[in-house]
Number of protein chains: 2
Amino acid sequence: MQTLVIVSHPEIEASNSQQFLKEAVANQEGVSYHHLESAYPDGQIDIKAEQNLLKDFDRIIFQFPFYWYSAPSMLKKWIDEVMEEGVTFGTGGNLLEGKDLGLVLVIGVAEKEYQVGGREHFTISQLTTPYQALANKLGMTFLTPLSIFQFYYLSDKEQKILLVDYLQYLTLKDFSSLHSRAHWFMDQLDKLEGRVSEEADKFSLQSIQDFIEDNQLELDEMQLHLDK
Amino acid sequence: MQTLVIVSHPEIEASNSQQFLKEAVANQEGVSYHHLESAYPDGQIDIKAEQNLLKDFDRIIFQFPFYWYSAPSMLKKWIDEVMEEGVTFGTGGNLLEGKDLGLVLVIGVAEKEYQVGGREHFTISQLTTPYQALANKLGMTFLTPLSIFQFYYLSDKEQKILLVDYLQYLTLKDFSSLHSRAHWFMDQLDKLEGRVSEEADKFSLQSIQDFIEDNQLELDEMQLHLDK
């Protein structure tokens, strides 16, 4: 799985949430990070280069602060110019067909306001309809958006949970399945094991892996009974 | 009623539909036309000037080609920058409260595709949710969008009907009421009467006015019976 994270934010250095997400993917295998306003400070997009770039990836993520219920203008410009008839859609334009399109939304308002009776009135599902329609037109699979509400209020523990959710959103084929999430944790422990030297640490990591594996076996067995 | 039409189109000279709409409002009393890409060719918006401009109008119209289910990037930039906390929303930001927000959408695809089972999957009501949410946040009344589908296929007669619908959308307090539309036609005939010199023409115009008035009286009477 190769993932391209296309980020749009006009003042990214001043954004704690965007810096947090940027650090999370630094040196992450299979993930490329592409901040549009840094790549094109004069706003002039190299359309051919962007179209070529898209070819190498299985999953495209739009990551941005939710400005007036959609992307900042630079990402809109990118969509308007890079999505070209005959290249990315229409006859002969199957460049993105079968790939995933995901959204990572950084939202300043509380989650509870995005519902009937809430101050924003509409749900995130309603407000992101244009992106769902875009995925539809391009023949892409639209992923459930990852919405990060009020990042500045998150505790350290909540930030760590977000970190895992975010990395799984970018890298897991099926990030909503418990099974594939468990596998992801096993892989992470494997990698960690190769980097520790103390025998005691190796033993701890092996114990955690055994625990997850036992849990998984038990879950699978229960599932078998339910399916009978 | 003072109406400001904020137009966004990166290549407006090449657009027949936008030129048609532009000519329709030339010298139209109470309507101001403001094309963003012409006003700011370098893309740098004068935020204070735009905020001041908004004060003078009762109705704000966003007019644009439907690019990937929303406005071209220049209008998004305008929204992101001109809508400022404490000025146009939030504490002290009641600049737009009580005004109307309307959309004039120029759409290349046929109307029938914007429904379940249609090629675009979603309705215009669903796709314009971000603008509805914007109006909600600003305390504005959101008007039913005026959608112009496949302008290039319109016959001369259909173009004339569009012209009337468009002018009424911009200038009528209640453009969806038959009654106020009839009044609008009466006003137009009045103005026309002042510009013709032949007695025969004056007589024709008076006859049309009488006809509309009689029709209106009959409709009102029927309405009274229905309301009983």
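What rotation superposes chain A on chain B? In this predicted model, a rotation of 180° with 0.1 Å of shift along its axis does so, with an RMSD of 0.1 Å, the copies being superposed by least squares on the C-alpha atoms of residues with pLDDT of at least 70 in both. That is therefore the relation of a two-fold axis. The same surface serves both copies, since 100% of the contact residues of chain A recur in chain B, where contact means heavy atoms within 4.5 Å. Of the residues of chain A, Ser73(A) comes closest to the rotation axis, its C-alpha lying at 2.4 Å.

Within chain B, helix H8(B), residues 178-195, packs with helix H9(B), residues 199-227, at an angle of about 165° and with axes 10 Å apart; helices are DSSP runs of H or I with at least four residues, numbered from the N terminus, and axes are lines fitted to C-alpha atoms over the stretch in contact, with angles from 0 to 180 degrees between N-to-C directions. H8(B) and H9(B) are therefore roughly antiparallel to each other, a term for angles over 145 degrees. The contact includes Phe185(B) and Leu189(B) of H8(B), and Ile208(B) and Ile212(B) of H9(B). Its residues divide into 10 nonpolar, 4 polar and 5 charged, with Ala, Val, Leu, Ile, Met, Phe, Trp, Tyr, Cys and Pro counted as nonpolar, Asp, Glu, Lys and Arg as charged, and the others, Gly among them, as polar.

Residues are numbered from 1 along each chain as its sequence is written, and chains are lettered from A in the order in which they are written. Local features need pLDDT of at least 70, side-chain atom pairs count only at pLDDT 80 or more, and totals for chains, interfaces and linings use all residues, while side-chain values use heavy atoms, leaving out hydrogens and water.

Key: Helix = DSSP H or I, 4+ residues; strand = E, 2+ residues; numbered from the N terminus. Parallel < 35°, antiparallel > 145°, perpendicular 65-115°, else oblique.
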